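Here are my notebook entries from a browse through one model.

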Amino acid sequence: MIPTITLGKTDEKVPVLGQGTWKMGLDPAIRDQEIAALRTGIEHGMTLIDTAEVYSEGESERIVGEVIQDCRDDIFLVTKVWPTNGTYDGVRRAAEGSLKRLRTDRIDLYLLHWPSADHPVAETMRGMRALVEEGIIRYVGVSNFSAELMQEAIDALGDIPLAVNQVVYHMKNRVIEHSVKPFCDKNRVTIMAYSPFGAGSFPEPGSPGRRVLDEIGAKYGKTAYQVVLNWLVAQGNVIAIPKAANPKHAAENAKAMDFRLTEEEIARIDEAFPLPENDFVVRRH
Ligand SMILES: NC(=O)c1ccc[n+]([C@@H]2O[C@H](COP(=O)([O-])OP(=O)(O)OC[C@H]3O[C@@H](n4cnc5c(N)ncnc54)[C@H](OP(=O)(O)O)[C@@H]3O)[C@@H](O)[C@H]2O)c1
């Protein structure tokens, strides 16, 4: 059973573990396996699915569209607009393209994928507002945003809550803990932790940090990957969205919440993977 969390200042309850889809659809040879993995995740309760218009040039959204056809109402669907489309009209065009590829009539949560180098946050949020008013999207969020930029988005959205900031958060990258997460906690913006396994840089077997994760996992009959997901969610106000193209991984990830790390174990993990000194740096696209 995967616990739920209330999304930002909305009344929406979503599971604390969802499924990422970055790079899905790139290799046609593993398409069926990717579909099977997403279906396995859904069967195990990971009904929040994260994708983006830019992933695999739309192929990732097409895969998600195929997967959700027979269960759309059970899914909390998250997709993202690329910042070059962040004008008032561009956001609408991008959302319409995503709806087509996803073969659905609504997006549950629509995120601005990165801060834009060209378009003011206020304009993109004005576009988002219009989509909410028309029922095309249900909730609005951002991704890769600093505290300052989140404040701009909140001001621009007015009475529509900024529901989510999707940011990189894993054992080797805890930079959001300096200013991004405190802002989110204070303003009730839910953190969606992306690349929870470090996108290929998971602590190596035998490394000091991995030994800590393995030892703690052994006590609960869990893997280091499950310990990491549990640790991320234990930070509070966090949803984690691991990506698994392998159905076995998807099933394993879904079983990461049926144990509770003790305070001592959390402190041990914190010590093994210390906070970096630098704060979050804004990158624009
Ligand atoms: N907003 C943004 O800018 C942004 C940026 C990056 C990512 N994201 C989102 O976050 C999602 C997750 O991040 P990510 O794709 O970067 O990487 P990730 O979830 O940190 O890691 C994915 C890797 O972990 C492996 N894995 C998954 N479960 C495992 C398990 N139980 N045991 C062992 N290995 C396991 C996967 O292998 P298999 O695939 O073989 O199962 C894959 O190689 C993305 O898919 C995307 O939806 C958003």
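**Entry 1: the sheet**

I count two strands as paired if DSSP finds at least two bridges between them. Helices (H or I, at least four residues) and strands (E, at least two) are DSSP runs, numbered from the N terminus. I kept in mind that this is a predicted model, where local features need pLDDT of at least 70, side-chain atom pairs count only at pLDDT 80 or more, and totals for chains, interfaces and linings use all residues. My residue numbers start from 1 along each chain as its sequence is written.

I looked up the strand order and found an open sheet of eight strands, S3-S4-S5-S6-S7-S8-S9-S10, with parallel pairing. Its edge strands are S3 (18-19) and S10 (238-240), each of which pairs on one side only.

Next I followed S8 (residues 162-168) to its partners. S7 and S8 run parallel and are joined by four bridges; Val140 has Leu162 in S8 as its bridge partner. Five bridges join S8 to S9 (residues 190-194), and these two strands also run parallel. Across that pairing, Gln166 stands opposite Met192 in S9, and Val167 has Ala193 as its bridge partner.

For burial I used C-beta atoms placed from the backbone: a residue is buried if 20 or more other C-beta atoms lie within 10 Å of its own, exposed if 12 or fewer, and partly exposed in between. How many residues of S8 are buried? I noted six of its seven, so that strand is mostly covered by the definition of buried. In S9, five of the five residues are buried, so S9 is largely enclosed by the rest of the structure. I also checked directions: Thr190, Met192 and Tyr194 point one way from S9, while Ile191 and Ala193 point the other way.

**Entry 2: helix H3**

I then moved to H3 (residues 88-102), which has 15 residues.

Which residues of H3 are buried? I found Val91, Ala94, Ala95, Ser98 and Leu102. They lie on the same side of H3 because they cover an arc of only 100° around the axis, the arc being that of the directions from the helix axis to the C-beta atoms. The face turned away from this buried side carries the exposed residues Asp89 and Glu96.

I call two residues in contact if their C-beta atoms, placed from the backbone, lie within 7 Å. The buried residues of H3 pack against H2 (59-68), S5 (76-81), S6 (107-112), H4 (121-133) and S7 (137-143).

**Entry 3: helix H2**

H2 is mostly covered, with nine of its ten residues buried. Among them are Glu59, Glu61 and Arg62, along with Ile63 and Val64. What covers the buried residues of H2 includes H1, S4, S5 and H3.

**Entry 4: positive phi and loops**

Most residues other than glycine have a negative phi, so I went looking for exceptions. Ser56 is one, with phi near 50°; it sits in the loop between S4 and H2. Ser56 counts as partly exposed because it has 18 C-beta neighbours inside 10 Å.

Ala199 has a positive phi of about 45° and lies in the loop between S9 and H7 (208-220). With 15 other C-beta atoms within 10 Å, Ala199 is partly exposed.

I looked up His44 too, in the loop between H1 (31-43) and S4 (48-50). Is His44 buried or partly exposed? It has 19 C-beta neighbours inside 10 Å and so counts as partly exposed. Leaving out residues up to four places away in sequence, His44 touches Ala251 and Ala254. The C-alpha atoms of His44 and Met128 are separated by 32 Å, and the two residues are 84 apart along the chain.

How values were computed: Expected span 1.5 Å × (residues − 1).
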